[in-house]
Every structure is written in structure tokens, then in C-alpha cells.
Amino acid sequence: MTKTLELSKILINLLFIILSVLVVLPFLLVIAVSLTDEKALSRDGYQFIPKSFSLEAYRYLLDAPEVMIKAYGVTITVTVIGSLVGLLLTAMTAYVISRPDYRYNRMTTFYVFFTMLFSGGLVPSYILMTQYLHLKDSLLALILPVLLSPFNIMVMKGFMSKIPLEIIESAKMDGAREFRIFFRIILPLSTPALATLGLLISFSYWNDWFNAMLYIDDPGKVPLQLLLVRTLNSIEFLTTNTEFATQLGIDLASFPNNSARMAIAVLAGGPMLIIFPFFQRFFVKGLTVGSLKG
Amino acid sequence: MLNKVSLAGDTENSRIVPETGQTGPLPSPDMPPKQRKQQSVIRKELRHFRNNRELFLLSLPGILYKLIFAYIPMVGLIIAFKNYRYDLGIFGSKWVGLENFRYLFSTDTAWRITRNTVLYNAGYILVTTVAALLLAILMNEIKQKWSKFYQTALFLPHFLSWVLVGYVAYAFLNHADGLINRTLQAFGMDPVSWYQNAAPWPVILILVHLWKAVGFNTLIYFAGILGINGEYYEAARIDGATKWQMARKITLPLLSPLVIILLILSIGNMFRGDFGLHYFIPNNSGFLYGSTDIIDTYVYRALREIGNVSMSAATGFYQSVVGFVLVLLANGIVRKINPDHSLW
């Protein structure tokens, strides 16, 4: 009996090991290609183990790092400002609708929740942003659309409804006003929730390419993800945008086309891929949709 | 809390508060009684508002944000019925009735993008849910020390943006040097022009989606299983139940609320395609539109690449309205069957 149990456990472990390897291998392929000599790539194709190892692609990119640094700068600025403001707004809205004694709480909940079910869609938002708010080529166009998601408000509300009303009531007895209660009592009590939501919001800022594709044309304001989009869409982007290529310090004739493309992916995507997994449990905690009801 | 969200339940709260903020004139004796009653209701509501003023102010930034970025664009849906011109603006452009829709549905585009959106979403939901449930149940059978390691590995693709996944896919599918074609050639087979051959794309897209989403979904279900009371399993073990029986009779039924909630959400989102997946993985290749184009990619192309704003808006309108009806239907059906499982 115990023997068959052991055997089944070994089999399950084996299955998971195979799956894990299968899931991780594609990452390794991209890294391997970025480290392979350009000539070897066109001779042998993309391989998991570089036949002739070369750092040429990285040297090309890091010789003139301005574009990459600028893109990191834009992404970090947008992520930091967006996450802080977004988190505060999410917490304020969620707190108010989590208060059972707030007279308009159901109305406000409906007002927020409805935007999850129905939306005007892409075109009206695009026209609003470009024609009426004139935010084309503005960093605000990257910050504003992601700022306040109804889903995050609902998750935050789930956390905040667990704060006992007695705490709030006794603070009121001591003469504290609502703003003071929120900033001095509720926010400190919600630190775990704030950390979770803050991480989710900054993650969505870091990985947002859609708004940049819609609203950013100015080469000085290209965030990381848009840099990646343009490089992926065509290496021709470099050849047609000679200005961009000169900024990179690229001699287009000997440009390591394939390996450099993958090296850009590694440099732009790599750092966060090392940092985010440390916070993996937050991602699951924040997104268990079960908390929608509560 | 969402059970309570209903329009009917809000009648008491939704009386209009006059924007002037002034208290109305005192009810004079010569007023008809009905009007007097109305005035006292307004004054009562104003007093309530004053008591709730500070909390209202706290929620005001969020409310204004949603007004500008969610509710005002809903008004913009009227563009679908206009011949939109940038120089004339939304309200200056000419009404054309259903002309945009007639044009949209006269080609086979509407049918193609609708079919693709719905079928792909159904495929993703089915494959990913089944795989994730299976993995979560299996994960529960092994030591935590090991499962932690697998979780991290399976979860890794979740952290990539779709653009980066596009690079990964390109490394495999690249015509001249990609891993798959080189492997095919090594076995003496002909290389395939993946980015020009529409037939294999349903399988490719479902595999890529599975790769990116399975770890995340497995962890959601695994967290659900960990939340199940251990006594059920203890009792079952004493009665001599097998692991398979326990999974079928305890784990699955107790996970069903979570599965159903996620399913309603996905069914409600049936009409919202995954733009990133369908735009970057096929590398926006025109050869593949027949089998990869979905409503979202079409709307984007019509707006940004073709520049046909009205057509884009009409498609978006169609997506918003049908999507909304689907959410209501899905939730309504679930509420009929089991009110506890419905979203509201």
C-alpha cells in the first residue's frame, strides 16, 4: 500500500519536473540566442546551447545605452507616480464603500462596479484622450488610463471590510474627523492590503504597452514596452529610423540583427523577471476572485 | 456585498440632492400637502448628506475619475452612428444612422472576428481551466517543499508582458532560423512559414495562452484547495476512500464556487478578446488574419492603421453591447441555478 503511494508521488513529481522544464525552456532559448554569435545563428539557427558564444549583441546595445536608459527612465517615472497616486485613490474609494454606515455606499459600489461590466470601448476613450484632453505624447496618457481599476477597488474593499467598525466609532467618539481616521488609522491598518494592491498596480504599469502604442510617438517618451514593440514589429524600425539607429550608435551594415533583438528583450524584460517572482504570493492573494463577494 | 447591488435596492438612497446645497424655503401653510411633504424629504436628505459629507469627499476623486474616464466615453458610443470626422468632433459629425453597421455586417469581417473571438475564448477557458484544476489537485498530493519550486517555475511566464512573449514565440517560429523550422529540417522535413500559414494558429495560440496562464490559474485553485477543511479528508480516509474518490467527491465540489465565479467572469468576457496575445504572437501578420484576427485587434487596426474611426467605433459598440448582455445572461442563469454562486 505505502509502496504504491510512494510510486504515485514519484510519478507526480516527475510530471511536475517535466512541466517546469517545458515552461522554463523558452526563456532559456531567448537568452541563448542573445548570447550566440550572429554568424552562427544564420548557420545553425536558434539553439538552446550556443555553438559559438558571443557578447557582441550586448556590446552593441551597451555601447550607446541612452535609448535603453531613457526607456527605463520613462517606465520607472510612470510606474512610481502612477502606483502611488493610483494606490491612494483605490484606497480612498474602497474605504468609503467598505463603510456599512455610509449612506451612499451601495450607490457608489454600483457606480464603480458597473464600469467593470460595460465600457465605451477603445474609440471614445482614444478621442477623449487625444482630441479633448490633448494628452498625445504626454506621460499623463500613460498614467491616467491605468490609474483606478474597479477590480482593484473591489479587492481592496474586501480587505477593508474586515476592519472592525468599533475602531472607527471609538475614534469618532474621541472627536476624530473622517479624513484623520482614514489617514491615521485605516491606512496604517491596511498595510498588507496596500502592499498587495501596490504591487499589482505597479505590475500593470510596468507591463503596459497598449497606451504607449496608442498615445506615444515622441522618441523621447518611449517606455520600455513600446521600445520592445517597435523592435519586435520590425528590425526595419532601426533601419528606417536612422536617427534612432545613430542614437544607438549602430553601424547598420554589421548590426547583429537576430541576437541584438533578443538581447533587447533580455535587457528590458530580465530585471523584473528576477524581482517579481519574489512577490509571487501577493499576486495570488490579490487576485483570488473569491474575495469579490464578501 | 455585491448581492446587494441592485437598482431596486437603491431607490431610498438615490433621491436627487439639489446641487445648490441650500435648504429649500420653509413649507408655508398655504402649500398643498404633497409639496410640503416633498420639501421635508429634500431637507432630510440634505441633512443626511451633510452627515456623510466627509466620506463623500474622500470618494469624490475616484468618482470624478470614473466619470471622466469611464462614463463620458460611454456617451462617446454615439460615434458608432455618425460619420466621425476629427475636425468636426463628436457632436459636430453627421448622423448616419445604422450605415456603419450595415457596412460592417455586409462584409465577412464581422462574422470572422466574432467567430474567432468567441471560439478562442471558449478554447482558452476550457483548456486552461481543466489543466489548472488537474495540476492543482496533483500539487496537493506532494510535499510543499517541492511544490513551491514547481509553482515558481510554472508561474514565471505570468510576469512577462505579451510583447516579450512575442519575442519568445518568434524565437521558435522564425522562418529562417527559428528553433522549430531548424528542428524540422534536421529531421529532413520542409520548414513551415509560420507567419504566413493560417492553419496551425488556433493550436499555437491556445498553447501560448496555456503556457502563460496555467501557472497562475493553478495557484488560484491550489489556494482554494488549501482552504478546504482538512477534516473532510480525514473522515474520508477513515472510511477508506481512495485519493481519486476524495478528489472527485470532496475537492471538486468544494472548489466549484470558485470555478463557477471564474467561469462567469470569463463567459461575461467572451466578447473581449486578448489583444496582446492576438496582436504580438502572430506579429500582426496580414496572412493570418483569417484565423487570428479578433474584435479587439480589428478595432485597433481600423482606428490606428486603416484610420476608419466610424467603422472602429461601430465594431466597438457591437462588442460593448453584446458583451454586456452576455455578462447579465451568465450571471442571471447562475443565479437561477444557485444564487450563492452568482456574482451579484
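Reply: Happy to! Let's start with a definition: a helix here is a DSSP run of H or I with at least four residues, and a strand is a run of E with at least two. By that count, chain B of this predicted model has 15 helices and two strands.

Me: What makes the contact between A:Arg103 and B:Glu45 a salt bridge?

Reply: The cut-off is 4 Å between a side-chain nitrogen of Lys or Arg and a carboxyl oxygen of Asp or Glu. The N to O distance for A:Arg103 and B:Glu45 is 2.9 Å, so the pair qualifies under that 4 Å limit. The count between chain A and chain B is two salt bridges. Polar contacts between chain A and chain B come to 23 residue pairs, both residues at pLDDT 80 or more.

Me: Which element of chain A gives the largest share of the side that touches chain B?

Reply: That is helix H1, residues 2-34, with 15 residues. By class, this side of chain A has 65 nonpolar, 24 polar and 14 charged residues.

Me: How do you know how many residues of chain A and chain B are in contact?

Reply: Contact needs heavy atoms within 4.5 Å, and on that basis 103 residues of chain A are in contact with 106 residues of chain B. The two chains bury about 9,900 Å² between them, with 72% of it on carbon and sulfur atoms.

Me: Why is an area quoted for an interface?

Reply: The accessible area lost when the parts come together is often used to give the size of an interface.

Me: What shows how chain B compares with a compact globule?

Reply: For 344 residues, a compact globule would have a radius of gyration near 20 Å, whereas chain B has 27 Å. Along the principal axes, the C-alpha atoms of chain B fill a box of roughly 100 × 70 × 35 Å.

Me: Which spans of chain B are called "transmembrane region", and what is their secondary structure?

Reply: The name comes from an unreviewed UniProt entry, and the spans it covers include residues 203-229 and 317-334 of chain B. Residues 203-229 of chain B are 89% helix and 0% strand, with end C-alpha atoms 39 Å apart. Residues 317-334 of chain B are 100% helix, and their end C-alpha atoms lie 26 Å apart.

Me: What about chain A?

Reply: UniProt (unreviewed entry) lists "transmembrane region" there too, including residues 71-97 and 139-160 of chain A. Residues 71-97 of chain A are 100% helix, while residues 139-160 of chain A are 68% helix.

How values were computed
Residues numbered from 1 in each chain as written. Chains lettered and ligands numbered in written order. Heavy atoms only, no water. Buried area = accessible area lost by both parts, 1.4 Å probe. Polar contact = N/O pair within 3.5 Å; in protein donor to acceptor, adjacent residues only side chain to side chain. Nonpolar A, V, L, I, M, F, W, Y, C, P; charged D, E, K, R; others polar. UniProt positions renumbered as here; feature names shortened; annotations may be inferred. Rg over C-alpha atoms; globule rule 2.2 N^0.38 Å.
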